[in-house]
Amino acid sequence: SINLADNFAFTGTVTGAGGITVVDTWRISANASGTGYLTANWERDDTYGNALIGTGMSQSSGEFTFPSTGIYKINFGSRFTRDTATPFAVGQIEVTTNNSSYNPAANCVGDISTANHTNGLYVSYMFDVTSTSTHKVKFFMQTNDLAVTFDGNTSQNFTYAQFIRLGDT
């Protein structure tokens, strides 16, 4: 028989494999409508055994700041509801690397063909945060009809953002 422990030995150094050090989820607690950045009613997920690793993200008027440098996976989702017309909804992750100019990094479109129905959208982006003072993220919503509501809730993640630090930059 072969004893694998005798055949493999690691003598090098592993870097960037320290494990996940940031996991955080934020959501809007009240409905939003129209086109623009989601700037109000953000709250950290605090129900049903939510996961938080590390100090988590901080935000001011919907602009999120990262607690440390690294490679982050950003997930953004929204449940949206239509009252009338035939609207579409766009969810977009926008990032800045200079603490000033925001650029669309990931985008998703959903539509609803029947009044008083709900749909959802989800988009994800991998962001290399090399500076916590210049690299930030905001979430942009767009619709062709003011009858669309981006749903908020204080106990469920209807419109939300998740942040997971995967490793070192």
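The model is predicted, so local features need pLDDT of at least 70 and side-chain atom pairs count only at pLDDT 80 or more, while totals for chains, interfaces and linings use all residues. Residues are numbered from 1 along each chain as its sequence is written, and side-chain values use heavy atoms, with hydrogens and water left out.

The chain contains 1 helix and 13 strands. Helices (H or I, at least four residues) and strands (E, at least two) are DSSP runs, numbered from the N terminus. Along the sequence, the pattern is α-β-β-β-β-β-β-β-β-β-β-β-β-β. Of the 169 residues, 41% count as buried; buried means under 20% relative accessible area, exposed over 50%, and partly exposed in between, with a 1.4 Å probe and protein chains only. Contacts are heavy atoms within 4.5 Å. Among the contacts with a separation of 6 or more, 75% come from residues 24 or more positions apart. The chain exposes about 8,700 Å², of which carbon and sulfur atoms supply 48%. Such accessible areas come from the Shrake-Rupley method with a 1.4 Å probe, and for residues only the protein chains shown count as cover.

The aromatic side chains come next. Rings of Phe, Tyr and Trp (its six-membered ring) pair if their centres lie within 6.5 Å; planes under 30 degrees apart count as stacked, over 60 as edge-to-face and the rest as tilted. By this rule there are 14 aromatic pairs. One of them is the edge-to-face pair of tryptophan 42 and phenylalanine 64, with 5.1 Å from centre to centre and 90° between the planes. Because tryptophan 42 belongs to strand β4 (residues 42-44) and phenylalanine 64 to strand β6 (residues 63-65), this pair ties together parts that are 22 residues apart in sequence. Tryptophan 42 counts as buried because its relative accessible area is 9%, and phenylalanine 64 is buried at 0% relative accessibility. Tryptophan 42 also pairs with phenylalanine 139; the ring centres are 5.9 Å apart and the planes stand at 45°, so this pair is tilted. The pair links distant parts of the chain, since phenylalanine 139 lies in strand β11 (residues 136-143), 97 residues apart from tryptophan 42 in strand β4. Both tryptophan 42 and phenylalanine 139 are buried. Ring pairs join Trp26, Trp42, Phe64, Phe66, Tyr72, Phe76, Tyr125, Phe127, Phe139 and Phe163 into a cluster.

Rings also meet charged groups. A charge sits over a ring if NZ of Lys or CZ of Arg is within 6 Å of the ring centre and within 35 degrees of the ring normal. Lysine 138 lies over the face of tyrosine 102, at 4.4 Å from the ring centre. The charged end of arginine 79 sits over the ring of phenylalanine 158, 3.8 Å from its centre.

Arginine 79 has a further partner, aspartate 151, with which it forms a salt bridge whose closest N and O atoms are 2.9 Å apart. Arginine 79 is partly exposed at 34% relative accessibility, whereas aspartate 151 is buried, with a relative accessible area of 5%.

A salt bridge is a side-chain nitrogen of Lys or Arg within 4 Å of a carboxyl oxygen of Asp or Glu, and the count by this rule comes to 6. Another of these joins arginine 44 to aspartate 24, with the closest N and O atoms 2.8 Å apart. Arginine 44 lies in strand β4 and aspartate 24 in strand β1 (residues 22-28), so the pair ties together parts that are 20 residues apart in sequence. Arginine 44 is partly exposed, at 26%, and aspartate 24 is buried, at 1%. Aspartate 168 forms a salt bridge with arginine 165, the closest N and O atoms being 2.7 Å apart. Here aspartate 168 is partly exposed at 48% relative accessibility, and arginine 165 is buried at 8%. Salt bridges that share partners also connect Arg27, Glu43, Asp45 and Asp46 in one network.

Finally, asparagine 75 lies in strand β7 (residues 70-82). Its relative accessible area is 5%, so asparagine 75 is buried. The side chains of asparagine 75 and serine 124 are joined by a polar contact of 3.0 Å. A polar contact is a pair of N or O atoms within 3.5 Å; within protein, one must be able to donate a hydrogen and the other to accept it, and residues adjacent in sequence count only if both atoms are side-chain atoms. Leaving aside neighbours within four places in sequence, asparagine 75 is in contact with Tyr122, Val123, Ser124, Tyr160, Ala161, Gln162 and Ile164.
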